[in-house]
Structures are given as structure tokens and as C-alpha cells.
Amino acid sequence: VVRKLTVVLITSLLETGAADHVTLFPNPTTGSVRVTSGDNTTFTNIRVIDAVGGTLYDAPLEGFQADVDLSHLPDGAYILKVTRRDGVVFKRMVKD
């Protein structure tokens, strides 16, 4: 059995446009992080991605703000993928 594996390595993120209107607080965090849309564009999904591209948290969402509980995750750097009505935003966050 031959399986194809695709690996995506994210080494940096360019945060422009819609990303300017999405904030994470606190960052770094020790447990929960609040994600807020500063321009009132509605979120539709939030996903937490680890360093190797695995999905650790994935939840549909309808609103301008969400609290994401990261207390079950080990300390480290993560990518938060926020899907909004106007597109997708990637934000870096740290749990320590």
C-alpha cells in the first residue's frame, strides 16, 4: 500500500488586510484566548493548527467574538485559522 503524504511547513505569516481586524488576547496565553473581529465581520469557523499542520481544535462559529480553550494543549506555538464571511485569516499564538 502506497500512501501519499503532503506536508506543509509554515515558516512565516504575512498578516495584512482582514488580519488587521482580528485580534487575539492574551497572546501568549496560559489557557484561553479571546478572538475578536474588530470590524464586526462575522466568524464562521475557528481552527487551531499545530506545527506539523494537524488540527487540534475545530469549531463552527457564528459571531464577532469567541473564547478558545487551549488549556488541554502542551506549551508551544500554534496557528489559529479564523474563517470569516470575507475570507480566511491566519494568526500566530503561543501557549505557555
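A nonpolar core is a set of buried Ala, Val, Leu, Ile, Met, Phe, Trp, Tyr and Cys residues joined through side-chain atoms within 4.5 Å. Buried means under 20% relative accessible area, with a 1.4 Å probe and protein chains only. The largest such core here has 16 residues. Val35, Val48, Val68, Leu70, Leu80, Val82 and Met93 have the most contacts inside it. At least two core residues come from each of strand 1 (22–25), strand 2, strand 3 (43–49), strand 5 (65–69), strand 6 (76–84) and strand 7 (87–95). Strands are DSSP runs of E, at least two residues long, numbered from the N terminus.

The model is predicted: local features need pLDDT of at least 70, and side-chain atom pairs count only at pLDDT 80 or more, while totals for chains, interfaces and linings use all residues. Residues are numbered from 1 along each chain, and side-chain values use heavy atoms, without hydrogens or water.

Take valine 82. Contact means heavy atoms within 4.5 Å. Beyond four places in sequence, valine 82 touches Val22, Val35, Phe43, Asn45, Gly87, Val88 and Val89.

Now serine 37. This residue sits in strand 2 (residues 32–37). Serine 37 counts as buried because its relative accessibility is 3%.

Methods:
Helices (H or I, at least four residues) and strands (E, at least two) are DSSP runs, numbered from the N terminus. Buried means under 20% relative accessible area, exposed over 50%, partly exposed in between (1.4 Å probe, protein chains only).
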